[in-house]
Amino acid sequence: MDFLSSDQRSVAPDSELSLADAQRQVHAWIQEHGVRYFAPLTNLAQLVEEVGELARLLSRTYGEQSFKPGEDATRLPDEFADVLFVLLCLANQTGVDLTQALAANLAKKTQRDRDRHKQNPKLQQNQ
Ligand SMILES: [Mg+2]
């Protein structure tokens, strides 16, 4: 995987950011600001922590839990981004091309589940 140098990348949000671009931007950010990647198992723990933070917000926004006074319900996009950032770090440091991985995964799911969900009566019921 080729990564952009710090002077090649933009810090402006890209509305059509590809997975490959995201992997490159995260790698460049780590090189410039993060010194190096945390060890994969450290990042795994970080991923679990961030997923927990996302779960907390989702549970309070869409589930039956309520927010405590002072909790910020507007952080949902940032929590999604925290999860994505750590996942991108883990993909980079383990040599996974997420563009290829997602394409292969969707093909696998299509092959395996082409009709399964359509035939699931539980999905036909209104919630
Ligand atoms: Mg977070």
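The buried residues of helix 1 are covered by elements that include helix 3 (76-93) and helix 4 (98-113). Helices here are DSSP runs of H or I with at least four residues, numbered from the N terminus. The model is a predicted one, in which local features need pLDDT of at least 70 and side-chain atom pairs count only at pLDDT 80 or more, while totals for chains, interfaces and linings use all residues. Residues are numbered from 1 along each chain as its sequence is written.

Helix 1 spans residues 19-34, and its buried residues are Gln-23, Arg-24, Val-26 and His-27. A residue is buried if 20 or more other C-beta atoms, placed from the backbone, lie within 10 Å of its own, exposed if 12 or fewer, and partly exposed in between. Viewed down the axis of helix 1, the buried residues fall within an arc of 165°, so they line one face of the helix; the arc is that of the directions from the helix axis to the C-beta atoms. An α-helix has 3.6 residues a turn, so residues three or four places apart point the same way. On the other side of helix 1, Glu-32 and His-33 are exposed. Just after this helix, Val-35 adopts a positive phi of about 70°.

Helix 2 (residues 40-62) contains Gly-52. Gly-52 is exposed, because 12 other C-beta atoms lie within 10 Å. The C-alpha atoms of Gly-52 and Glu-79 are separated by 9.5 Å, although these residues are 27 residues apart along the chain.

The protein as a whole has four helices and zero strands, and buried residues make up 9% of its 127 residues.

Definitions and conventions
Helix = DSSP H or I, 4+ residues; strand = E, 2+ residues; numbered from the N terminus. Contact = placed C-beta atoms within 7 Å.
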